Amino acid sequence: MKTSKYPICKRYEGNPILTGKNFPPEADIKHVFNSGIIKYKGIYTMVCRVENSALSDRFWIAESKDGFNFKPRPKPVPMPHDDPMFKEYTSSMYYDPRITKIGDTYYIVHAGHSGHTCRLSLVKTDDFKKFEWMGFISEPDNRNGVLFPEKINGLYARLDRPNTGNPTGDVWVSYSPDLIFWGKSECVFRNWEGINWAWTKVGPGATPIKTPEGWLNIFHGVRIQCKAHYVYQLGVCLLDLENPAKVKAMAKDAILIPEEMYELVGQTPSVVFTSGAVVEDNGEVKLYYGGADNVQCVATTSVERLIDACYNR
Ligand code: BMA
């Protein structure tokens, strides 16, 4: 295995853990990446973002006992494709699902893309068998949203990435009494504020991880390397527990950069992009990420290591 300049995350030697070939052939799945994940009843339950050769997206559950070997179910997640509102604002392009458990319910925030650009949309399930679409929860243009696993000061909270800023895409926090109506929005951090590896945009990634030091937020940071070549890397920061608009500490360098073939070559070259992580009881973190908008991968790290990284230790 290659030694990385950034040893915070250790790539799984069996990467990629899922490719289009793992899905039933009749589904014609070509790409699987940026999948959300959570442990449900002891099983790693991944809501995969899959795309067929017509670039139609679906969500498709794959399950694993060990977090590395996943088996897709026979059919994709049923989504409300016939609902006029869902149709209007997704045109069959919906993606980057991020799962958060709040109480006994699992919520999936994802992007819906159409001629209106991107909006955030919300789906809930109690058992990963029946799913209920709760509607759109943002105006355009907002592509990356993730819920905190508990209310903060009596309100649901989310991080997202409205496509605002200089040039585009900062991390914001918003609050809601009911998960549908959102407000009290504040910018948390911007691409050009001290993040010298991501001058184009930044956005939330995995579901925030609660630690005594603050909310660990593994985010993506993007830079335009040359004309239309966007390089996606992962960073980490700590947000204040009571006021997540306050950044307590942030790693100076990226914690995962595209360097393996399956991250450098694919639909979109040079992309590592996360929508989910699982924290084990011993503090190990399995960080799931898409490689080059093509395949699903995983790397391991730990809560302690990530906190150290935030303080540049
Ligand atoms: C982002 C999202 C991701 C994708 C990334 C790199 O804006 O659309 O789904 O992985 O671009 O192409």
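How far from an oxygen atom of the ligand does a polar side-chain atom of asparagine 34 lie? The distance is 2.8 Å in this predicted model, and the pair is an example of a polar contact, defined as two N or O atoms within 3.5 Å; within protein, one must be able to donate a hydrogen and the other to accept it, and residues adjacent in sequence count only if both atoms are side-chain atoms. Since the model is predicted, local features need pLDDT of at least 70 and side-chain atom pairs count only at pLDDT 80 or more, whereas totals for chains, interfaces and linings use all residues. Residues are numbered from 1 along each chain as its sequence is written, and side-chain values use heavy atoms, with hydrogens and water left out.

Two further side chains place a polar atom by an oxygen atom of the ligand: that of aspartate 96 at 2.6 Å and that of tyrosine 232 at 2.9 Å. Taken alone, the ligand exposes 310 Å², and the protein buries 88% of that area; accessible areas come from the Shrake-Rupley method with a 1.4 Å probe, and for residues only the protein chains shown count as cover. The surrounding shell consists of Asn34, Arg49, Tyr95, Asp96, Arg143, Arg161, Tyr232, Thr268, Phe273 and Asp293, where a residue is near a molecule if one of its heavy atoms lies within 4 Å of it.

Along the principal axes, the C-alpha atoms fill a box of roughly 50 × 45 × 45 Å. Of the 313 residues, 58% count as buried, meaning under 20% relative accessible area, with exposed over 50% and partly exposed in between (1.4 Å probe, protein chains only). Among contacts (heavy atoms within 4.5 Å) with a separation of 6 or more, 49% join residues 24 or more positions apart.

Threonine 301, in strand E21 (residues 295–302), counts as buried because its relative accessibility is 8%. A polar atom of its side chain lies 3.1 Å from the backbone oxygen of isoleucine 8. Beyond neighbours within four places in sequence, threonine 301 is in contact with residues including Ile8, Cys9 and Leu306.

Serine 64 belongs to strand E4 (residues 57–64) and is buried, with a relative accessible area of 3%. Its side chain reaches the backbone nitrogen of glycine 67 at 2.8 Å. Leaving out residues up to four places away in sequence, serine 64 touches Ile43, Tyr44, Asn69 and Phe70.

Aspartate 170 occupies the loop between strand E11 (156–162) and strand E12 (171–176); this residue is also buried, with a relative accessible area of 3%. Apart from residues up to four places away in sequence, aspartate 170 touches several residues, among them Asp160, Arg161, Cys187 and Val202.

How values were computed. Helix = DSSP H or I, 4+ residues; strand = E, 2+ residues; numbered from the N terminus.
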